[in-house]
Structures are given as C-alpha cells and as structure tokens.
Amino acid sequence: MNLYLVTGGSGLVGSAIKAIVEKGEKVDGETWVFLSSKDGDLTIRSECDAIFVKHKPTHVIHLAAKVGGLFANMSKKVEFYRENIMMNDNVMECCRIHKVEKLVSYLSTCVFPDKTTYPIDETMLHSGPPHPSNEGYAYAKRMVDTMNRAYAEEYGCNFTSIIPTNILCTPFTVWGSGTPLRQFMYSEDLAELTIWVVREYHSPEPIIVSVDEESEVSIKDVAMAVVKAIDFQGEVVFDTSKADGQFKKTASNAKLRKLKPEHEFIGIEEGVKKAVDWFVKNYDQARK
Ligand code: NDP
C-alpha cells in the first residue's frame, strides 16, 4: 500500500496538493500525510528520522524549505543556505535509509545562473553562478539536483526534482517598477503536475513545470489583474525605490510539453481571480 508523505504540507504548494488530492486525485488504497514544522523540525536529523519511522512512506514529495522574498534572501544568506541544506540532506538520506521508492523535491527557477541565455532549460542549472541576491538559497537548492544523480548512481535511488516557475496564490504589494517579466501558474496546476511527476516521471534529471513561454507577463500585468479581481478603485502605485530583481527568467517547458502535451494551464486572469478569492476567504492564515 502506498503512503505519500508531503513535507511542507501546510505551505502554499502543499495546501494546493492537498486540495487536489481531496478533489479526487487519490487512488484507492493510498494514504496521504501532509506535514508541517509542528510534526518535526526537518533540520534536525533525529526528528526527521522519527517522521520516517512513524509513517513509513513509500513516496515523498519534499516541499519544506526556508522560503522568502528578495529582501529576506539578501539579508539572511547564511540561514537560507544552512536551513535548506540541512533539511534537504536529512530528507534525502532518510529516503535512502528507509527505502522510499520515489522522492520528488522542489527547486526554483531563481536558482538558475544569473547570466544566461533564454529560454532557460533543465540542462543549464549549473552553468554559472546564481543571482548574488539569493545565492544562499540557490546553492542549497542546486545541491539537491547534484545529489539526486549521486543517489541514483551510487544507491539506485529514484529521486528527482521539479523546477516550478512563479506560483500565483496570494496578492502582493507592488514593489519595484512592475516591468520585470515572469511566468506565473496557478498553484493547483503545479499540484496536479507534481502528482503526475511522483507517479510517472522516473529520471533523476530535473523537470521544469511552467506555463508556456508565450504566457509570460509583466509584474504590472499581474498587479492589474489583481486590481480587477478585487474591483479596487484607488490608485496603483509602483514603488520604484525598491529593487526589481532579475528583469526576466523565461523558462522553457519543452520537456514537460513533450511528456504531458494535454495539460491545460489555468489562464492568468482566472488564476488571479481564484487566488484573490482564496486570499479573501483565508485572510487570517495567509502569508502576508
Ligand atoms: P511555504 O513557505 O508556503 O511553506 C513552507 C513549508 O515548509 C511549510 O509547510 C513549513 O511548515 C515547512 N517548513 C519550513 N521550515 C521547516 C522545518 N525546519 N522543518 C519542517 N518543516 C518546515 O513554501 P511554498 O509552499 O511556497 O514552497 C514549497 C516549495 O516550493 C519550496 O521548496 C520552495 O523552495 C519551492 N518554490 C516556491 C515558490 C513560490 O513562489 N512559493 C517558487 C519556486 C519554488 P510550517 O507551516 O509549520 O511553518
């Protein structure tokens, strides 16, 4: 009987996977366990091990991470590196020791090289340093990819990673000029495709999960979609004293499209509307 263990199950992506599983993605005989940090601190090896002993997972979706915006990443590089590297090392090693059949970990497109050509694809992950603003987080995440291959070579483990582009959920304050371009997808699209990866994608090489390149929009477009969705009548101010971050980081989803051509992504306006409705309903617990 399969037991799917989701680390970071109380977060943005974990909640979306939970919603999809509850909507009917669950197969008979499967058990899904969604963890939060209250179930154990994954930076501590003994606590991580106790979780594996308790639940005996056959499949693990590893979402737990120290995640933050541009400014937190710039000022706390040591913590972003150490906490992520410890969590990832503990989870991977526990998956090996407890003979987990499949581990899917999450990377991010912001861990790709800063100076690169576009579109970015899965082969370019290590071809240059990441943007200096998030190098602590980026190097910790890159090591997951390196170790997926090492665990496959040395122990025959079936470990892989997903590289998602930007995830639409809660609305945001518009920092910066609004001109940078990003590929946004609704969190439930990512959740559905994560379940597909854990079941059917069997290679240690990472896979970018993203909307098409043509669906790239500016931060301003997203802000305006939020304004429309909440019917905001006031003035929208772009605070250009705040840094913009990378101008663009267009990613290619050619590999995903080849393997899963039929997936239809939710469009930006509908995604923003769903995200705003969710935010209004869950205001108290939403990340602000
Ligand atoms: P969230 O910040 O929403 O959630 C983080 C999760 O990790 C929470 O469940 C949190 O538990 C858990 N967690 C944090 N520290 C620990 C710890 N020491 N021990 C155990 N659990 C811990 O993350 P997201 O859902 O946004 O992100 C999921 C994954 O996707 C991450 O790996 C992230 O790097 C990646 N990603 C996210 C993007 C985004 O835009 N959000 C973009 C690209 C990649 P608790 O709730 O109890 O604190």
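User: Does K56 count as buried or exposed, and what relative accessibility puts it there?

Analyst: This is a predicted model. Exposed means over 50% relative accessible area. K56 is at 61% relative accessibility, so it counts as exposed. The residue is found in the loop between α2 (45-55) and β3 (59-62). Its phi is positive, about 50°, although K56 is not a glycine.

User: Where does K99 lie, and what is its phi?

Analyst: K99 lies in the loop between α4 (77-97) and β4. Its phi is about 55°, a positive value in a residue that is not a glycine. With 68% relative accessibility, K99 therefore counts as exposed.

User: Which residues does a cis peptide bond join?

Analyst: Y118 and P119 are joined by a cis peptide bond, with omega about 0°. P119 lies in the loop between β4 (102-106) and α5 (135-155).

User: How should I read the largest nonpolar core, and which residues have the most contacts inside it?

Analyst: In soluble globular proteins, nonpolar side chains tend to be buried together. Here the largest nonpolar core has 34 residues, and L5, F52, V60 and C95 have the most contacts inside it. Two or more residues come from each of β1 (3-7), α2, α4, α5 and β5 (159-164). The element that gives the most to this core is α4, with 6 residues.

User: What is F52 in contact with, leaving aside its neighbours within four places in sequence?

Analyst: With those neighbours left aside, F52 is in contact with L5, P57, V60, V91, C94, C95, H98 and V100.

Technical notes:
Residues are numbered from 1 along each chain as its sequence is written. This is a predicted model: local features need pLDDT of at least 70, side-chain atom pairs count only at pLDDT 80 or more; totals for chains, interfaces and linings use all residues. Side-chain values use heavy atoms; hydrogens and water are left out. Helices (H or I, at least four residues) and strands (E, at least two) are DSSP runs, numbered from the N terminus. Buried means under 20% relative accessible area, exposed over 50%, partly exposed in between (1.4 Å probe, protein chains only). A nonpolar core is a set of buried Ala, Val, Leu, Ile, Met, Phe, Trp, Tyr and Cys residues joined through side-chain atoms within 4.5 Å. Contact means heavy atoms within 4.5 Å.
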